[in-house]
Amino acid sequence: MADAVTTFVQRLRADRTNRALRLTLLRAAGDNGDLYLAHVDARCMTLLLSTDGGDEIAVLAVRTGALAHDELARLTVEINTVSGAVEVVDQSEVSANVVALSDRPDTTPVEAPTPGSPDAFGPDAVVPTPTSGLSTPLFARYDDKLLVDLGVVPTLLPTLHKVTTDEQFEQLLTHNLPELTRDILLALRDRVDPQDVQRHITAKWRPEEDVNTRDWARAAQRAVSQAATDDDAVLGALGKSFDAWRLFLHPEQQRLATGDFKGSAKVTGGPGTGKTVVALHRVRHLAARLSPGNSRPVLLTTYNTNLALDLKERLRHLGGDELLRRVDIKSVDMLAREIVQESQVDLGRPLADDVAMNLWHTVRTETGLFEYDADFLDTEFKHVILGGGCRSWGAYRRTGRTGRPRISTAQRHDVWQLVEAYQAHLDSPPRQTTYALIADRAAALEQHRMARVEEQARYKDEQGGRDLVHREAGSGMWLKPRYQHVVVDEAQDLSAAHWRMLRAMVRRGPNDIFLAGDAHQRIYGNRVVLGHQGIEIRGRASRRLTLNYRTTRQILGSANRLIGGAAFDDLDTGTDTLDGYRSVLTGLAPQFWRAPDRLTEMQAVATLIKERHDTHGTPYSAMAVSVPDGRSAQEFANVLAKEPFSLPVVELGRDGVRSDQDAVRIGTMHRFKGLEFQRVFLTSVGEGQVPHQRIEQYRLANPDRYRQEEQRARSLVFVAATRARDELIVTWSGKASRLLPQDADDTAHRVTDLRRRVGVPSDSSGSAVA
């Protein structure tokens with residue numbers, strides 16, 4: 001059907017006078033705008049908006065069947081006074097469906113807000129008087145003027161007055177409502193203060209120029225008029241209301257967040273599909289069902305401190321300090337360190353990641369076993385030896401290697417020698433350790449603790465339920481599981497030791513562990529089969545999200561091609577794909593820029609950033625430069641910060657950026673995980689840089705490892721590319737990476753003297769931008 005409509009529009013633009021198109025004027029929309037009905041084929045009709053004397057044609061709606069004409073003719077088409085966007089509403093269909101539901105008896109108690117309460121918003125708010133036998137409308141607390149001023153389409157107001165139940169509201173969301181209206185209603189239904197709705201949603205939809213509700217040509221050009229979707233229910237998360245919609249739920253997400261599961265549950269999906277939002281709402285749902293108290297029986301964890309801080313802030317917005325008081329929010333490594341410290345086991349000072357990696361170089365030199373590089377040894381130690389609980393050479397020789405390159409027994413023996421030398425260095429004074437070893441010890445401690453919990457529970461059962469606290473010698477109390485529920489975000493980047501620890505922190509049972517992740521975004525090589533760690537997920541407890549709420553379909557399409565053809569797991573024994581993964585946002589196509597040399601590339605990126613700040617008004621903090629490695633990050637920072645550009649820059653560290661400084665973010669692709677920016681500059685994507693040239697040594701010698709290293713590079717680029725919300729610019733010097741489209745070199749913009757566009761003089765050498 002989409003192809004038929006596309007062909008029809010092409011024919012229409014080629015010759016509007018073609019009688020075979022059966023174009024019929026429906027009504028004049030206003031200045032320079034007319035609405036037309038047209039037959040696409042024998043069963044399909046379309047509603048068109050014609051502007052600028054017919055030079056521009058926009059498809060507003062498509063219907064099929066015998067009633068297509070009547071359905072299209074009854075649509076309301078208008079320009080929103082707030083956003084200036086063209087909006088289409090089938091008011092009669094929406095009203096009919098809501099009224100049909102309202103005929104059912106409703107026994108749901110509804111509380112009316114009292115004057116002075118947080119729900120009585122301002123002097124204009126309508127406070128209904130409860131009437132016997134009648135239910136209070138969900139939006140009764142907001143008067144019509146407030147709703148229209150926020151941006152709700154006026155023709156929807158009569159229907160809103162009839163919405164009294166969540167079922168009716170969900171039915172309302174299944175219709176093709178305007179994006180801004182959906183954003184506002186979802187926010188108000190979640191009890192967001194109207195002043196916050198105005199600031200975070202309405203203000204961000206309002207164009208810079210005044211809105212003329214008769215200027216159809218201008219309205220049709222606005223990006224917010226051009227969003228389209230084949231799933232109407234997602235439109236509540238569209239548009240420019242970026243800060244506000246991050247905490248809202250699509251109905252499918254709502255079912256995941258509030259469902260009951262017999263055991264553990266898993267939600268997967270590509271970037272921007274709302275997995276984190278689901279996890280946050282899951283936490284709120286679980287906390288709401290707790291018995292009163294001051295403890296924190298719900299754990300919310302993720303793989304690094306920066307993301308944990310972000311989760312905490314977003315959870316605060318969702319449920320306030322009251323919710324935070326019942327939830328423990330920590331990175332998984334911080335949690336492991338606390339467990340070890342609590343046990344008073346001294347493992348020594350943890351080494352920074354780069355220092356731990358350098359230690360592998362040291363033991364390679366000492367043993368003379370240079371065949372095995374430091375990166376391979378580090379991941380082998382973490383994911384096979386520690387992941388498999390190998391305490392001896394015999395155990396390592398027999399352990400499985402899921403997701404790891406195949407090596408011979410002789411090679412394993414070499415690796416074991418290197419591991420023993422590595423651990424000997426750590427144990428020598430002053431004693432040191434690594435985060436991987438801390439997680440391994442924490443897992444063992446928690447498994448021992450849970451074994452005691454289970455043993456006490458069995459003993460208590462045998463004694464008829466009596467709390468024989470004297471049996472727990474010296475403790476004075478009965479042991480219990482550390483948490484009732486565990487929720488994990490970015491699950492794909494946790495190691496086997498992390499999962500063993502988390503599994504031992506909560507008793508097996510209903511709603512024990514809820515995890516969200518995506519193997520396509522795995523950037524640390526932590527290939528873990530959850531079932532092997534005692535986390536069993538079956539049937540409907542595993543769901544996949546496919547709708548991207550953050551990235552335009554143009555950017556998403558390019559990012560998806562980066563990982564096309566590669567095989568990915570589903571965090572367990574199955575496979576996962578991005579089939580059906582799509583965006584409901586439209587925007588700019590990614591740009592590709594090729595420079596003749598590295599310095600030219602960096603200066604071109606600086607020029608583009610300056611142009612977008614000075615000309616388009618994009619804050620520096622909304623733009624980010626992604627690079628393959630730390631050295632490149634420093635090089636870009638130096639070029640951007642120095643004259644003639646003098647741009648404010650800040651590098652992304654292990655814990656992200658703690659500053660609110662309006663500065664361009666620069667970091668490695670690893671550092672971009674979990675972050676979002678309005679404009680992303682994906683740089684240094686040249687052949688030999690991404691993936692790095694060093695993997696070529698494995699192409700023939702170790703094909704398994706070559707494939708895995710290349711796939712990890714694809715995942716890194718995929719993660720970085722999908723951090724972009726509005727614009728993605730890909731740059732390189734020399735030849736384009738083989739991960740980019742095959743015609744990237746031929747179709748890329750050649751870097752010319754961009755700096756003239758922003759008034760920056762050329763270098764005296766003339767070689768800065770060529």
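**Exercise 1.** Decide whether Tyr396 is buried or exposed.

*Solution.* Start with the cut-offs: buried means under 20% relative accessible area, exposed over 50%, and partly exposed in between (1.4 Å probe, protein chains only). Tyr396 has 0% relative accessibility, so Tyr396 counts as buried. Trp416, with a relative accessible area of 9%, is buried too.

A note before going on: this is a predicted model, where local features need pLDDT of at least 70 and side-chain atom pairs count only at pLDDT 80 or more, while totals for chains, interfaces and linings use all residues. Residues are numbered from 1 along each chain as its sequence is written, and side-chain values use heavy atoms, leaving out hydrogens and water.

**Exercise 2.** Classify the ring pair of Tyr396 and Trp416.

*Solution.* First, the rule: rings of Phe, Tyr and Trp (its six-membered ring) pair if their centres lie within 6.5 Å; planes under 30 degrees apart count as stacked, over 60 as edge-to-face and the rest as tilted. By this rule there are 10 aromatic pairs. Next, the values: the centres of Tyr396 and Trp416 are 5.8 Å apart and the planes lie at 25°, so the pair is stacked.
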